[in-house]
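This report walks through one protein chain, from its overall make-up down to single residues. Keep the sequence and the 3D view open while reading.

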Amino acid sequence: MAKKLYLIDTSVILDDPQNIIYLSDGAKNILFISDIVLEELDKKKTSNEVGFLAREFFRNVSNESEIPSNQSAKQSAESSIHSRLSGLSLQCKNGDFMREIYYENASVRIPLIVIYRQHYQAKNLEYGLNDARIAEIAKDYNLILLTNDISLKIRSIAKGIKAQSLFRDRVENPNDIDFWHKFLLHKDDQPQKLTKLKAFKALSQWSLIQIDEQDNTDSSLYLTGKKHFGLKVDSAFERLELDSIIKEANLYIAPMNLEQKMMFCLLTHKKNIATIVTGSTGSGKTLMALQAGIHLVKQGAVDGIIYLRNTVTASDKEAELGFRKGDEDQKLGYFMYPLYSAINFIIDSLQSSSLKNCIEYRGDVNTIHKEDATEYFLKKHNIQVVDIAHARGITIRKKFVIFDEAQNASNATIKLIGTRLGEESRIVFLGDWAQIDHPYLSKFRNGALSLLQKALNDDMIAGIQLRQTIRSTIAQWFGESF
């Protein structure tokens, strides 16, 4: 198979530096980057998620020799590169020169050829100057421009440049991912009969089970209308008396449908450590996750709750945490609205339900005292709000971690947070895989979808998609009509 020559855009590296190893494909392909990409990565070395990935790239890059200062050494270095490119008819153009660096990770060492250009044709553009220069290199050397920046891809293709996006971990039909499995059992059969069925044995751990009960007359079978629910745990069927579990938990807000009940039972199961929950706005993800965390705190299973959420929701710098007004807590408040909304919903319900709770969570909900009530709730239940940037370099022990907006996180960020978990900690990832704000991700490829795929096949993580939304009639109309 012929080697593929890829020019890697900044977006591919900022998605996950490990993409370099994937693209090399065991040295079958040759990888290039331009000096523009190195400059962009250097400027991204800030304290946020993108900055971490940029620094991760440079940490793993090595250059065994400095750029030659004399012509003889320069020609020798270029000769070495040309031997690697022998048979490809690739010669330096327009006064360019090439240098080889290496991306090293564990036992893997991937050569990267950096193309330096001193005089670009693209100049004085009001917008997209760097993109134009990267595309210029791809065109001049007939390289495949690999970019997750869709606008750059489209503009390049329009100019006759070969351009592709990275389809790693792409999921074509996310809505088809389903963790529910239905079985028919006669009312006289024990539920454990399921374990002998081939279809049940094929299911992964934490599969959601619905049993429809059957009975019979002398001549035919019929459904009785009774249903039983449970999970596949340790190769066996574990029946869940959902209503009894919810009643005993004595939640602030009772689940409103079967999905929410099952989600709560999943999150609080003593053997479940990690869960991915997806659903659109109004499906109750954050509210149920928060209540599951509070229940686990009350039970002593964890010491507190940590709420994490991406603080970069668009490609422009104005969306970053550091560019918001106010101190750090005020800045985080902009991004933690889903958590505060869930807390306020609980407070409103408590205040309206009894005088006792109204006193405990003091303050008229329509006055400034609402903020005091929220702060009181956070302290009472030991809930911490943490910026992702501050999660690096720490170990999270015996906490219930809620990672919100997982669809706006790359796989590298999911890995980063997951590896912070210490003993006795649990984590739930929340997200809506169709609601993407990240500039380099899509509704077919994002952190939430990667986790859903893992949950289908891996016993370590549970998954559920909430398909019912609980919201106002007008909100539901807009959601369905548009």
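## Overview

The chain has 18 helices and 17 strands. Both are DSSP runs numbered from the N terminus: helices are H or I with at least four residues, strands are E with at least two. This is a predicted model, in which local features need pLDDT of at least 70 and side-chain atom pairs count only at pLDDT 80 or more, while totals for chains, interfaces and linings use all residues. Residues are numbered from 1 along each chain as its sequence is written, and side-chain values use heavy atoms, with hydrogens and water left out.

Of the 482 residues in the chain, 49% are buried. Buried means under 20% relative accessible area, exposed means over 50%, and partly exposed lies in between (1.4 Å probe, protein chains only). Take the contacts in the chain with a separation of 6 or more: residues 24 or more positions apart account for 67% of them. A contact here means heavy atoms within 4.5 Å.

## Helix α9 against α10

Helix α9 spans residues 242–249, and helix α10 spans residues 258–268. Their axes come within 10 Å and cross at roughly 65 degrees. That makes α9 roughly perpendicular to α10. Axes are lines fitted to C-alpha atoms, for helices over the stretch in contact, and angles run from 0 to 180 degrees between N-to-C directions. Angles under 35 degrees count as roughly parallel, over 145 as roughly antiparallel, 65 to 115 as roughly perpendicular, and the rest as oblique.

The crossing of α9 over α10 is left-handed. Left-handed means that the near helix is turned anticlockwise from the far one by less than a right angle; right-handed means clockwise. From α9 come L242, D243, I245, I246 and A249; from α10 come L258, K261, F264 and C265. This contact holds seven nonpolar residues, no polar ones and two charged ones. Ala, Val, Leu, Ile, Met, Phe, Trp, Tyr, Cys and Pro count as nonpolar, Asp, Glu, Lys and Arg as charged, and the others, Gly among them, as polar.

## The two sides of α9

Which residues of α9 are buried? They are L242, I246 and A249. Seen down the axis of α9, these buried residues fall within an arc of 65 degrees, so they line one face of the helix. The arc is that of the directions from the helix axis to the C-beta atoms. The buried residues pack against β10 (221–233), β11 (236–240), α10 and α11 (285–299).

The face turned away from the buried side of α9 carries the exposed residues D243, K247 and E248. After α9 comes N250, with a positive phi near 55 degrees.

## Helix α10 against α11

Helix α10 also packs on α11, at an angle of about 40 degrees and with the axes 9 Å apart. The two helices are therefore oblique to each other. Here α10 passes α11 in a right-handed crossing. On the α10 side, the contact uses Q260, M263, F264, L267 and T268; on the α11 side, it uses K285, M288, A289, Q291, A292, H295 and L296. By type, the contact of α10 with α11 has seven nonpolar residues, four polar and one charged.

## Helix α3 against α6

Helix α3 covers residues 35–43, and helix α6 covers residues 129–140. Their axes come within 9 Å and cross at roughly 145 degrees. I36, V37 and E40 of α3 meet N130, R133 and I134 of α6. Three of these contact residues are nonpolar, one is polar and two are charged.

## Two buried positions

L31 is found in strand β2 (residues 30–34). L31 is buried, at 1% relative accessible area. Beyond four places in sequence, L31 touches Y6, I8, I20, L23, S24, I110, P111, L112 and I113. One of these, I110, is 79 residues from L31 in sequence but 8.6 Å away in space, C-alpha to C-alpha.

G51 lies in helix α4 (residues 49–59). Its relative accessibility is 0%, which counts as buried. Leaving aside neighbours within four places in sequence, G51 is in contact with K44, K45 and T46.

## Positive phi in loops

Most residues other than glycine have a negative phi. N382 is not a glycine, yet its phi is positive, about 55 degrees. N382 sits in the loop between α15 (369–380) and β14 (383–387). It is partly exposed, at 32% relative accessibility.

E424 also has a positive phi, near 65 degrees. Its place is the loop between α16 (411–418) and β16 (426–431). E424 is exposed, with a relative accessible area of 53%.
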